[in-house]
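Open the model in your viewer and keep the selection panel handy. We will take it one stop at a time.

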Amino acid sequence: MIRVSNAPVCAMEFTSFRKKTTVNDDELLVAVARFERQLAQVEGIVYHTLVRNYDNEYANVLFATSMEVIKTLETVIGNTKETQDFFSMVDMSTVQVEYHQINKFNFTVPSYFGCIENGKFSLKDTTQASTLLSVSDAVEQAYLKAFDNTKGHFISTRGDNQYAEIVLGQTFGNTKEICYGYFGNEACLSLLGLIDESSMNLGFWYVVG
C-alpha cells in the first residue's frame, strides 16, 4: 500500500479482478508493489491498497482528490512497463471497475485500516438521496463510532440511483460482526428501510498489500 499524502479525498476507485491461474500470489504482490510506484508519481493520488475477499478475488482501491485524477490514470501511466506487467497477470474478463464519488466533506483516509466493507445498493425512492446522507450520519454517530474497530465511514454515489456504504475497519472479523449488528440498532434500521433490498450487494475485503 502507499500513502502519497494526507489530503482530503472525494473519489474512490474500486476495481475487482481475478489473477490468471498461471500467476501465484507472490508474483502478483510484487507486480502491484511496482505498479504503486507509478501511482505515487501521479498528482492527486492520495492512497492505494490491494484487498482480497474469501472468493479469491482481488481489488485495487484508490483514493484521490478528484474523480478526474482517477479517470485519467490509464492515459498517464497505462503504457508504463510496471503497469503493463501488472495488467498481464490479471484475467481481464473478470475486471469490474466502480467509481465512487465520496459524499462526505473533507474525508481523509485513516492512518490504518485492515478491512473494507463495500455495501452497494439503490434507494426505494430516488427522491430520498438527501435523507440517505442524514440517516448515514446518524448511523455513524449512534452506532459505528461506538466501536474502536471503525476507522472510516461514508456514503458514495456510483451512478444514477446507485450508492454504496463504505466502512473502513481495523479487522475483517470485527467489521463483519458490526455490520450484522445493524439489524439490532434503530438508526441502522432506518438506513436499511431506505434501501431496495433486491439491489443490495454486500462485500467484505481484507488488506493484503
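Start by selecting Phe17, Leu28, Leu39, Ile45, Leu73 and Phe86: in this predicted model, these residues touch the most other members of the largest nonpolar core, which has 23 residues. Next, colour the elements that give two or more residues to this core: strand 2 (11–19), helix 1 (25–39), strand 3 (45–52), strand 4 (58–64), helix 2 (67–71) and helix 3 (73–77). Which of them gives the most? Helix 1 does, with five residues.

Now centre on Leu39 and show what surrounds it. Setting aside neighbours within four places in sequence, Leu39 is in contact with Ile2, Ile45, His48, Leu62, Leu73 and Ile77.

For the last stop, show helix 5 (residues 129–142) together with helix 7 (residues 186–194). Their axes come within 8 Å and cross at roughly 155°. Angles over 145 degrees count as roughly antiparallel, so helix 5 is roughly antiparallel to helix 7. The crossing of helix 5 past helix 7 is left-handed.

On helix 5, pick Thr131, Leu132, Val135, Ala138, Val139 and Ala142; on helix 7, pick Ala187, Cys188, Ser190, Leu191 and Leu194.

Key. Residues are numbered from 1 along each chain as its sequence is written. This is a predicted model: local features need pLDDT of at least 70, side-chain atom pairs count only at pLDDT 80 or more; totals for chains, interfaces and linings use all residues. Side-chain values use heavy atoms; hydrogens and water are left out. Axes are lines fitted to C-alpha atoms, for helices over the stretch in contact, and angles run from 0 to 180 degrees between N-to-C directions. Helices (H or I, at least four residues) and strands (E, at least two) are DSSP runs, numbered from the N terminus. Angles under 35 degrees count as roughly parallel, over 145 as roughly antiparallel, 65 to 115 as roughly perpendicular and the rest as oblique. A crossing is left-handed if the near helix is turned anticlockwise from the far one by less than a right angle, and right-handed if clockwise. Contact means heavy atoms within 4.5 Å. A nonpolar core is a set of buried Ala, Val, Leu, Ile, Met, Phe, Trp, Tyr and Cys residues joined through side-chain atoms within 4.5 Å. Buried means under 20% relative accessible area, exposed over 50%, partly exposed in between (1.4 Å probe, protein chains only).
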